[in-house]
Amino acid sequence: MQRLADFLDGIARATASIVRWLALVMVLVQFAIVVGRYVFGVNSIAAQESVLYMHATLFMLGAAYTLLVDKHVRVDVFYAKAQPSTQRRIDIFGHIVLLIPSMLALAYWSWPSVRNSWKILEGPISVGGIEAVFLMKSLIPAFCVLLIIQSLALLIRRYLPRPAGQPREERA
């Protein structure tokens with residue numbers, strides 16, 4: 001089971017190692033847009049939309065890695081002061097009852113929109129924009145799949161029973 005968890009974690013790590021560069025590219029493109037607009041009086045709707053696309057991609061595909069390294073937003077009203085056994089129960093409940101079902105529901109309900117968008121190769125958000133809204137909409141089911149995979153990896157690694165003598169991985 002440990003190898004399966006490592007493989008599933010590897011998916012989030014590989015995805016993050018690719019999309020993390022979008023943060024730098026996004027900043028550079030936004031800087032170029034501002035300089036172009038205010039220094040040279042040049043504007044490009046496609047360039048502006050590219051920042052939106054990069055931001056969406058970075059957020060949606062980087063969410064699983066954020067879950068992997070336990071840097072996601074957490075409401076620590078009770079969790080921070082709870083005993084490790086209580087934290088374990090909260091995490092299991094969160095993954096099994098909240099995260100996985102909500103990602104399945106989001107994937108299910110968004111799929112018709114994604115499918116239709118691909119069917120017509122949905123065009124730009126704005127006139128003169130990037131003609132690939134269908135790609136951005138595809139990030140929604142990808143987000144869901146990546147979070148489900150990472151949730152399963154965390155459940156396997158941290159919460160399934162282990163053979164005697166095998167230590168449980170602690171949080172980073």
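**Close-up 1. Leu52 in helix α3.** Leu52 belongs to helix α3, helices being DSSP runs (H or I) of at least four residues, numbered from the N terminus. This is a predicted model, in which local features need pLDDT of at least 70, side-chain atom pairs count only at pLDDT 80 or more, and totals for chains, interfaces and linings use all residues. Residues are numbered from 1 along each chain as its sequence is written, and side-chain values use heavy atoms, without hydrogens or water. Leu52 has a relative accessible area of 41% and is therefore partly exposed (buried is under 20%, exposed over 50%, partly exposed in between; 1.4 Å probe, protein chains only). A distance of 15 Å separates the C-alpha atoms of Leu52 and Ile140, which are 88 residues apart along the chain.

**Close-up 2. The nonpolar patch that includes Val39.** Val34, Tyr38, Val39, Phe40 and Val42 together make a nonpolar surface patch with about 560 Å² of accessible area. Val39 lies in the loop between α2 (21-38) and α3 (45-68) and, at a relative accessible area of 57%, is exposed.

**Close-up 3. The largest pocket.** The largest pocket holds about 480 Å³ of space. Its lining has 22 residues, of which Leu67, His72, Val73, Arg74 and Leu99 are the closest to the centre. At least two lining residues come from each of α3, α4 (84-120) and α5 (133-159), and α4 contributes the most, with 7 residues. By type, the lining comprises 13 nonpolar, 4 polar and 5 charged residues.

How values were computed
Patches are made of residues with over 30% relative accessible area and no salt bridge: like charges are joined within 9 Å, nonpolar side chains (Val, Leu, Ile, Met, Phe, Trp, Tyr) within 5 Å. Accessible areas come from the Shrake-Rupley method with a 1.4 Å probe; for residues, only the protein chains shown count as cover. A salt bridge is a side-chain nitrogen of Lys or Arg within 4 Å of a carboxyl oxygen of Asp or Glu. On a 1 Å grid over the protein atoms alone, a cavity is a set of points where a 1.4 Å probe fits but cannot get out, and a pocket is an open set with protein on both sides within 12 Å along at least five of seven lines; lining residues have an atom within 4 Å of a point. Grid points are joined across faces, edges and corners, and a volume is the space filled by probe spheres set on the points. Ala, Val, Leu, Ile, Met, Phe, Trp, Tyr, Cys and Pro count as nonpolar, Asp, Glu, Lys and Arg as charged, and the others, Gly among them, as polar.
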